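Student: I have a model open and want to go through a few spots in it. Can we start with the loops and then move on to strands and helices?

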Amino acid sequence: MRETWPRPVPLVGDPTSARQRSEDPRGWAMGPDVTAALGSVVSARRDIRRFRPDPVPDDLLTEVLSAGHRGPSVGHSQPWRFIVVRDGSVRDRAAHLADRARLAQAEHLSDDRAARMLDLKLEGLREAPVGVVVACDRRTPPLGVLGRATFPDADLWSCACAIENMWLTARAHGLGMGWVTLFDPADLAGLLGLPEGVVTLGWLCLGWPDERPPAPGLERAAWSSRMPLSEVVLHDRWPSSGEGPLPPESHLRGPVQDRLVAATDASDEFLAPADALGVLDRALNRVEALSAGPVEGGTLVLAASDHPVAALGVSAYPTHVTRDVVGAAVVGSSMGAAAAAAAGFGLVVVDAGVDGGAVAGATSLRPLRPRGDLATSDALTAADVDRLLAGGREIGLRAAQSGLVVLGEVGVGNTTVAAALSCALTALEPRDAVGLGAGADSAILERKREVVTAALARTQANRDAATSPAEHARLCLQTLGGPEVAVLVGVVLGAVEARGVVVLDGLCASVSGLLAARLEPAAQAHLVAGQASRERAHPTVLRELGLEPLLSLRLRAGEGVGGCLAASMVVQGLRMRRLVARTAPEPGPRSPAGGQPADSV
């Protein structure tokens, strides 16, 4: 009998032999208890949205991070970097970024999906005591990492595996984790000071859960349901018969696609060059896509108010001029009223706070509480902002029934208000935003800049505390806005609700449109820039809105005059479209011999 010897067993590495592994293929299993526990943890993992304020012990945090660090990585490169965030101010700024990105994405979803998305709770960014940002260090070229030369994104997949390890470990210990990816990656990287080549995979909220959901949140919210395993498992190759799995469902909202395309297609049939009316053609396409029927007219909504800031010497005119202009508007003889009448438009005059008491003949929608001068106190109270917005919305709903809605305003000192709002909404500096207004000289200009600078400095902390673009817009109205601005913002929102089109006038009206778009992002699609005014901030506000003005006449008049002229041009353009000759349909392509179509020869 041949003598045998014991197999040398290494002191490091795998102690098993090929025979052992062959005789017991299941020998590496950890047993039914471990298998059942793992299944429980995997099936009970949840994306947690609500958190308790109780702190996470350091040893438990280390356990979660260690689990991530034990994840698989391409070429054992370990590209993950864990940034632990406990600073409340950093969490607040991250939450602001997420709110902004959430609104931006909601604009592209169907109405139902957008509403459901906006209902999803993101407060975990502030509530969770710990935030962990998993960043991927991609500064090493893919060719220098085993496995990345052919799959260069394998480092990102490795970091995703680390996140799953952390998630399961947190769940096993009773911790909640929520993965938030509603960020612009560059914004989040900038917030955390990441160097070039280091990218984030979102933000992990970590803490003790204030909810114990029995099923995944998006399933409970009826966003979607889990697909059967049989629908996602393929064998050997992707089917070539077209019977493979369907792509993931898209919830994008197409821009008013069929009607916008129809309007564009119809204009191609005119006996004229494409885009014959230039910028006006694009405005006409928008009006036709949004309107239920022919648009034959419109309404000028002229909102008026005086401003305590005028007492600081920011205007060349006494405050009684506001009342004089409104009185003339009521009887139809102010510049704005005359422009509306000449265009065949209706007129609604709103007294939003004219000094000396209610103006006879005007719709009264005045603040109920004292107003401040911007520099030392807030322009409006929160309650008055809500009241003025609601009242303006009702006016906008009614005005949109007659066609286009034109915004106009009257108010001594309101270019100072508009300049302050422009700075707060667009990051303009006062020196670049403050203009001369009506009849000002260099001394008045300097006082306006000083007032706007003081107002912005006084209100910055309050505005910076906003947690969403909508909240920021409301705070801007409260701290810096004028009553007529708040009314016009409401008018825009009401007109949008009625599927109407709003024609903006100068800076004050355009700022109102921008505030409305911050409160309701869908409003932007309903706006038409009537004119480019002389005010220095106006081009920046229009760029922020993504709008090109129809007119640039260097007008000095306010009151919606430029808006009425532009709206009249829109109505005339719509009439032209109904009258202009059409071209005959082109025949299909023919063969060179004039017989069958070329592609069938």
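Student: Where does H76 lie?

Tutor: H76 is in the loop between α3 (58–69) and β1. Helices (H or I, at least four residues) and strands (E, at least two) are DSSP runs, numbered from the N terminus. Before going on: this is a predicted model, where local features need pLDDT of at least 70 and side-chain atom pairs count only at pLDDT 80 or more, while totals for chains, interfaces and linings use all residues. Residues are numbered from 1 along each chain as its sequence is written, and side-chain values use heavy atoms, with hydrogens and water left out.

Student: What is phi of H76 near?

Tutor: Phi of H76 is near 50°, which is positive in a residue other than glycine. Most residues other than glycine have a negative phi.

Student: And is H76 buried or exposed?

Tutor: H76 counts as exposed, at 62% relative accessibility. The cut-offs for relative accessible area are under 20% for buried and over 50% for exposed, with partly exposed in between (1.4 Å probe, protein chains only).

Student: Which loop holds R554, and what is its phi near?

Tutor: R554 lies in the loop between α21 (538–545) and α22 (561–579). Its phi is near 55°, again a positive value in a residue other than glycine. R554 counts as exposed, at 62% relative accessibility.

Student: Switching to cysteines. How many disulfides does the count come to?

Tutor: Zero disulfides, where a disulfide is a pair of cysteine sulfur atoms within 2.5 Å. C136 is in none, and the nearest cysteine sulfur, in C159, is 3.7 Å away from its own.

Student: How many residues of β2 are buried?

Tutor: Eight of the eight are buried, so β2 is largely enclosed by the rest of the structure. Both faces are covered, with V130, V132, V134 and C136 on one side and G131, V133, A135 and D137 on the other.

Student: Which way does β1 pair with β2?

Tutor: Antiparallel: β1 (residues 80–85) pairs with β2 over six bridges, where two strands pair if DSSP finds at least two bridges between them. In that pairing F82 stands opposite V134. Strand β5 (residues 203–207) is antiparallel to β2 too, through three bridges, and there G131 faces C205. Strand β4 (residues 198–200) also joins β2 by three antiparallel bridges, with V198 as the bridge partner of D137.

Student: What is the order of the six-stranded open sheet?

Tutor: β8-β7-β6-β9-β10-β11, with parallel pairing. β8 (363–364) and β11 (527–529) are at the edges, each with a single partner strand, so one side of each has no neighbour in the sheet. Within the sheet, β6 (residues 298–304) and β7 (residues 346–351) run parallel and are joined by six bridges; V301 has V348 as its bridge partner in β7.

Student: Which strands does α12 lie across?

Tutor: Helix α12 (residues 320–330) lies across β6, β7 and β9 (404–410), and runs at about 145° to β7. Axes are lines fitted to C-alpha atoms, for helices over the stretch in contact, and angles run from 0 to 180 degrees between N-to-C directions.

Student: At what angle do α4 and α8 pack?

Tutor: About 170°, with the axes of α4 (residues 88–106) and α8 (residues 185–192) 10 Å apart. That makes α4 roughly antiparallel to α8; the cut-offs are under 35 degrees for roughly parallel, over 145 for roughly antiparallel, 65 to 115 for roughly perpendicular, and oblique for the rest.

Student: Which residues meet there?

Tutor: V90, R93, A94, L97 and R100 in α4 meet D187, L188, L191 and L192 in α8, with contact meaning heavy atoms within 4.5 Å. These divide into six nonpolar, no polar and three charged. Ala, Val, Leu, Ile, Met, Phe, Trp, Tyr, Cys and Pro count as nonpolar, Asp, Glu, Lys and Arg as charged, and the others, Gly among them, as polar.
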